[in-house]
Amino acid sequence: MSDQSPHAGWQPATYYPDPAIHALDPRFEKYWLKLSAVERLTTGCAGPKARCGSATGAICCAATFPTTASSNGKRDRRGQHLPQAVEFANGHTRDRQGRLITCEHGGRRVVRTEYDGSVTVLMDSFDGKRLNSPNDVVVKSDGSIWFTDPIFGLLGDYEGYKAESEIDMNVYRIDGATGKASIVAEGILGPNGLCFSPDEKILYIIESRGVPTRKILAYDVTPGGDKISNKRLFVDAGPGTPDGMRADIDGNLWCGWGTGDPELDGVVVYAPDGVLIGRIALPERCANLCFGGLKRNRLFMAASQSIYALYVNTQGALGG
């Protein structure tokens with residue numbers, strides 16, 4: 001990408017290595033394929049926030065913000081060939097059976113798309129109170145579903161439907177065997193993206209309303225695998241705005257980044273010790289990302305209006 005200005009339009013790299021990719025620490029060199037360049041797969045989207053890969057190498061993405069009217073009248077669009085519309089989908093992932101798990105801002109629920117295309121509601125309330133606007137989701141190896149529930153979709157009629165919150169902003173776990181829901185984290189200011197470390201011993205959560213700055217928090221997962229403890233700061237984002245993130249098999253965090261200063265737009269990569277080791281510059285903010293493709297070695301990046309991709313020399317950890 002030769003021109004990184006957000007106002008100049010997309011310009012693909014004209015030589016290798018792609019100047020949009022920056023190693024900020026020698027450890028990043030291991031993951032940088034010098035003959036791979038950032039590609040723009042599509043543009044003209046409206047906030048393509050939700051994203052996930054599949055075993056076939058396909059990517060599923062949804063436009064969280066209003067786009068074109070769908071057949072049932074809801075202004076929402078999901079980019080895969082699934083027939084039903086979703087209520088302002090935000091986070092997507094696959095469960096261990098390959099079924100699509102979706103967080104809906106508008107529906108205020110977490111749903112699963114079955115093999116036949118039908119939709120099963122996994123959770124829409126807790127203790128008799130409606131959820132706020134489920135945002136991002138991951139599935140652990142035991143089949144449990146973990147998701148964040150901020151109020152973003154209740155603040156207006158653009159990312160969801162304006163409404164009053166009935167419950168605090170929490171992080172939840174749905175048991176994979178019983179379907180029972182529990183709160184695993186409270187008191188996070190705007191819980192947003194989340195992911196597990198490859199060994200599932202650490203859960204990372206983005207605090208997107210942190211004061212005075214956004215933060216990436218880290219928690220230890222208890223030996224039983226159903227609770228977390230030892231809340232701590234992993235990264236203070238400073239002027240950056242992390243949103244969604246995924247871990248690779250070495251435990252590095254690849255984080256969507258941007259807003260404000262164009263120099264911050266794109267993806268940043270943190271090593272397991274919290275050191276910033278790499279950056280992928282994009283001409284627009286990157287909200288979410290995932291590893292996809294047959295080898296899980298292609299990074300898909302959902303930006304403000306476009307979807308980008310880059311082959312990297314690592315693989316995404318399972319569960320994201």
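Predicted model: local features only at pLDDT ≥ 70, side-chain atom pairs only at ≥ 80, totals over all residues.
Four strands make an open sheet in the order β6-β7-β8-β9, and the pairing is antiparallel. Look at its edges. β6 (89-94) and β9 (119-123) stand there, each with a single partner strand, so one side of each has no neighbour in the sheet. From one strand to the next, the twist averages 25°. Find cysteine 103: opposite it, in β8, stands valine 110.

Next comes the hairpin. β16 and β17 form it, with 5 residues between them. Glutamate 200 lies in the turn and has a positive phi of about 60°. β16 covers residues 191-196, and β17 covers residues 202-207. The two strands run antiparallel, joined by 4 bridges. Is β16 mostly covered or mostly open? It is mostly covered: 6 of its 6 residues are buried.

Finally, find tyrosine 31. It sits in the loop between β1 (21-23) and β2 (39-43). What does it touch beyond its neighbours within four places in sequence? Its contacts include Asp248, Trp254, Ile277 and Thr314. Aspartate 250 is also in contact with tyrosine 31, and their side chains make a polar contact at 2.8 Å. Tyrosine 311 is 280 residues away in sequence, yet its C-alpha lies 9.4 Å from that of tyrosine 31.

Conventions. Residues numbered from 1 in each chain as written. Heavy atoms only, no water. Buried < 20%, exposed > 50% of the residue type's maximum accessible area, 1.4 Å probe, protein only. Pairing = 2+ DSSP bridges. Contact = heavy atoms within 4.5 Å. Polar contact = N/O pair within 3.5 Å; in protein donor to acceptor, adjacent residues only side chain to side chain. Axes fitted to C-alpha atoms, helices over the stretch in contact; angles between N-to-C directions.
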